[in-house]
Structure formats: C-alpha cells, structure tokens
Amino acid sequence: MASISKKARSIDVEQLYDLLLGARTAESVTLHFKDGRVLKGALVFNQFKGTGRLINVDQEMSEDFSVDELRDLKY
C-alpha cells in the first residue's frame, strides 16, 4: 500500500521525459527530487542517457541527476 501512495505523489517517467524535453529551452526550471530536495536553475538534459544537469549560476552550483531521482518538474 505504501508504494501506491508514493507513486500517486509523483508523475510517471514518460511525463517526466516530456517535461524535461520541453524545459530545455526554459530560462529556469525547478526540479523536485524524490528525496525532498528542490533545486532551481538552467537545465541540460540528455534524453538518450536519461541524465541531466541543473546549473544555478547565481548560487555557483550544478547538480547532476538521473530521471529516476525526480518526482516533478516545473518551469
């Protein structure tokens, strides 16, 4: 039962890929991770590997991620 409620809070992988592909031209995106982190920045995404990088120049940080780490994406 716990896996059902956990899945209900996150979108499926196909939806995430669609959002990530659409967000590549966005000036800034907000990534919501399954572990609770929320990060904002510019997005670089490799759809063939299912990985990406979020870059925040103002905070001088970058974060590599894989699609399976994400819960949601806003832009």
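Two strands pair if DSSP finds at least two bridges between them. By that rule strand E2 pairs with strand E3 (residues 51–56): 5 bridges join them, and they run antiparallel. Helices (H or I, at least four residues) and strands (E, at least two) are DSSP runs, numbered from the N terminus. The model is predicted, so local features need pLDDT of at least 70, side-chain atom pairs count only at pLDDT 80 or more, and totals for chains, interfaces and linings use all residues. Residues are numbered from 1 along each chain as its sequence is written, and side-chain values use heavy atoms, with hydrogens and water left out.

**Overall make-up**

- The chain has 2 helices and 5 strands.
- From the N terminus on, the order of elements is α-α-β-β-β-β-β.
- Buried residues (under 20% relative accessible area; exposed is over 50%, partly exposed in between; 1.4 Å probe, protein chains only) make up 31% of the 75 residues.
- The chain exposes about 5,300 Å², and carbon and sulfur atoms supply 50% of that area. Accessible areas come from the Shrake-Rupley method with a 1.4 Å probe; for residues, only the protein chains shown count as cover.
- Contact means heavy atoms within 4.5 Å. Among contacts with a separation of 6 or more, 47% link residues 24 or more positions apart.

**Confidence**

- The mean pLDDT (the predictor's confidence in each residue, from 0 to 100) is 88, and 87% of the residues reach 70 or more.
- Where pLDDT is low, the predicted coordinates should not be read in detail.

**The sheet**

- The 5 strands form an open sheet in the order E4-E3-E2-E1-E5, with antiparallel pairing.
- Strand E4 (61–66) and strand E5 (70–74) are the edges, and each pairs on one side only.
- From one strand to the next, the twist averages 40 degrees. Axes are lines fitted to C-alpha atoms, for helices over the stretch in contact, and angles run from 0 to 180 degrees between N-to-C directions.
- E1 and strand E2 (residues 38–46) run antiparallel and are joined by 4 bridges.
- Leu31 stands opposite Leu39 in E2, while Ala42 stands opposite Ile55 in E3.

**Two hairpins**

- E1 and E2 form a hairpin with 4 residues between them; in its turn, Gly36 has a positive phi of about 100 degrees.
- E2 and E3 also form a hairpin with 4 residues between them; there, Gly50 in the turn has a positive phi of about 70 degrees.

- Helix H2 (residues 13–23) lies across E1, E2, E4 and E5, at about 40 degrees to E5.
- Beyond neighbours within four places in sequence, Leu43 is in contact with residues including Leu20, Val29, Leu54 and Phe65.

- His32 lies in strand E1 (residues 29–33), and its bridge partner in E2 is Val38.
- His32 has a relative accessible area of 16%, so His32 is buried.
- Not counting residues up to four places away in sequence, His32 touches Arg37, Val38, Leu70, Arg71, Asp72 and Lys74.
- Glu69 is 37 residues from His32 along the chain, and their C-alpha atoms are separated by 8.9 Å.
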